[in-house]
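The stops below go through side-chain contacts, one selection at a time.

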Amino acid sequence: MVHLKIDGRVLEVEDGTTILNAARKAGAKIPTLCYHPVLEPYAACRVCVVEVLHKGKSDLVTSCNAGAEEGMEILTASERALRARRLNVEMLLARAPAAEPLREIARDLGVDKTRFPVKDPDETCILCGLCVRACEDVVGASAISFVERGTERRVSTPFGEESEACIGCTACAFFCPTGAITVEDMYGRKVIHDEMMLGPTTAIRVPIRQAVPMVPFIDKEACIHFKTGECRVCAKVCDRQAVNHDMEDEFREVETGSIIVASGFEVFDARRIPAYGYGRYPNVLTAMEFERLVNASGPTGGKIVLADGTEPRTVGIVHCVGSRDEHYHEYCSRVCCMYSLKFAHLLKEKTKAAVYDFYIDMRCFGKGYEEFYHRLLEEGTHFIRGRVSEISTLALTEKEEGKLIIRVEDTLLGSVRRIPVDMVLLAVGLEPDKAHNTLAKTLNVSCSQDSFFLERHPKLAPVSSFSDGIFLAGTCQGPKDIPDTVAQAGAAAAEALALADLGKVELEPITAVIDDKLCSGCQICVNLCPFTAITYDKEKGLSAVTDALCKGCGTCVAACPSGASYQKHFRDEQIFAEIEGLLST
């Protein structure tokens with residue numbers, strides 16, 4: 001440990017600690033521009049200069065790369081240190097007068113202007129080299145470097161052209177202290193709506209903000225280390241050494257007594273309806289993109305803006321995109337109406353935009369939902385009943401120039417209308433996950449006509465599947481909102497716990513039986529059985545039913561060409577006897 005004094009305060013720090021970090025521990029504020037904790041400091045800006053009294057000598061040193069020594073006395077705001085700091089700031093201002101962080105430090109030091117000649121009043125780069133060092137030392141790409149010498153020195157790519165070594169990681173812009181490097185859209189858009197995610201856009205993140213357990217993961221597609229073999233900044237700053245880039249994916253087999261299927265849903269891809277212009281017009285957004293945009297932790301801080309960064313004056317919300325449509329999904333996605341109403345309310349709350357809501361039928365089915373709909377009517381949302389046929393930029397009048405034109409048949413007025421808006425929100429429907437069919441085959445779970453998992457009974461067994469021990473929860477069973485999903489998840493968990501607590505399983509009393517004398521061994525029943533309850537004995541050349549797996553569906557009975565398969569309590573002789581008994585009475 002090292003003992004020293006900073007601005008009169010005695011301090012004990014670890015050996016090897018820089019003066020800058022020791023001062024911060026003591027609560028002393030030392031300005032700096034070129035320092036970053038994950039990069040080796042080399043005092044390029046020299047704004048962090050302090051006065052050091054040690055061994056009878058007084059020296060000016062840059063605090064970011066000078067180490068603390070035993071018996072040092074450090075003055076962070078002495079007149080000598082402040083004078084040197086002002087001079088360094090003036091020289092930097094002559095180089096980059098438009099750098100706002102530098103101008104803020106200058107104001108704090110009482111520097112109004114520089115005495116040195118200014119070459120470019122719009123320059124923001126102070127030549128600190130953080131971007132170059134980040135690209136070389138952290139990323140390992142070496143796509144940028146210093147070029148020229150003296151007053152002509154600048155940061156650039158080789159020959160000033162686009163570098164093939166650049167991987168687009170934006171580390172240079174991240175480390176730049178003055179904003180001299182920015183990542184701009186090639187089309188000049190301020191906000192790129194269709195590239196927004198629901199979660200953080202960093203390579204290491206938690207799956208969703210409400211994930212349980214709250215454990216982050218590394219996205220290999222976005223992580224710099226997996227592109228260049230360098231970086232590992234996250235591992236350097238993690239005090240608990242919890243980051244391991246060498247871990248591999250593991251597949252484990254676990255024996256369980258019950259399974260709760262909660263595979264969720266996917267949103268309908270609005271590109272499948274080209275008439276709505278999603279993917280072609282930058283201000284046509286899906287519900288998920290708008291949800292991200294309006295979130296306070298989103299890229300715009302919750303501000304609702306167009307692609308050019310301005311606030312919309314008119315917004316259209318289109319219901320039933322991909323739902324209630326014979327060309328895509330005939331079922332109602334159930335949540336679209338209510339989240340569309342929520343969006344309309346947020347637009348009214350955060351902007352002064354006029355909101356047009358295009359609906360087929362307003363389905364406000366839940367507790368307090370109808371009241372919310374009437375609240376939107378009072379807030380001034382314009383509701384137009386009719387399916388939108390087309391969204392285009394083809395202007396027929398001067399008023400429509402530069403707008404998105406929504407063409408819709410207003411069924412209440414009985415006329416076709418053209419509504420010019422600045423932004424369009426598509427209320428996309430819900431559909432099964434991509435791996436839905438594969439999962440259904442793996443778990444041997446039936447699907448309904450709309451491809452969602454089929455429950456055993458819609459009222460008596462809404463969370464049970466036809467396979468014992470496999471329960472359904474959430475939108476894998478059908479479109480539903482959050483309250484219904486939570487209720488069904490609780491019911492599925494209760495069913496699984498009840499099965500475990502019972503300690504025994506009730507078997508189906510009505511199962512199939514195969515008569516060995518009539519069975520020809522054709523194996524038709526083996527291939528048709530949806531519960532894999534029938535096996536084929538090669539030695540005997542006969543099929544056999546496993547009673548514990550059979551559910552008595554009767555598929556094998558109907559398909560057996562020799563009549564060898566029958567259901568218990570439903571043999572032909574029994575049915576005929578019952579009919580005879582009824583007729584005789």
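Select K119 to begin: this residue is exposed, with a relative accessible area of 63% (buried means under 20% relative accessible area, exposed over 50%, partly exposed in between, with a 1.4 Å probe and protein chains only). The model is predicted, so local features need pLDDT of at least 70 and side-chain atom pairs count only at pLDDT 80 or more, while totals for chains, interfaces and linings use all residues. Residues are numbered from 1 along each chain as its sequence is written, and side-chain values use heavy atoms, with hydrogens and water left out.

K119 and E152 form a salt bridge, with 3.0 Å between the closest N and O atoms (a side-chain nitrogen of Lys or Arg within 4 Å of a carboxyl oxygen of Asp or Glu). K119 is in the loop between α3 and α4 and E152 in the loop between β6 and β7, so the pair ties together parts 33 residues apart in sequence. Helices (H or I, at least four residues) and strands (E, at least two) are DSSP runs, numbered from the N terminus.

Next, select D325 and R387. Their salt bridge has its closest N and O atoms 3.9 Å apart. D325 sits in the loop between β13 and α9 and R387 in the loop between β15 and β16, 62 residues apart. D325 is buried at 12%, and R387 is partly exposed at 33%.

For a network of salt bridges, select E100, R103 and R107. The whole structure has 24 salt bridges.

Now turn to the rings. There are 8 aromatic pairs (rings of Phe, Tyr and Trp, its six-membered ring, with centres within 6.5 Å; planes under 30 degrees apart are stacked, over 60 edge-to-face and the rest tilted). Select F365 and Y369: this pair is edge-to-face, 5.4 Å centre to centre, with 80 degrees between the planes. Y369 is buried at 19%, whereas F365 is partly exposed at 38%.

Y373 and F383 are also edge-to-face, at 5.2 Å and 80 degrees. Y373 belongs to helix α10 and F383 to strand β15, so this pair ties together parts 10 residues apart in sequence. Y373 is buried at 13%, and F383 is buried at 16%.

Finally, select R133 with Y42. The charged end of R133 sits over the Y42 ring, 4.1 Å from its centre (NZ of Lys or CZ of Arg within 6 Å of the ring centre and within 35 degrees of the ring normal).
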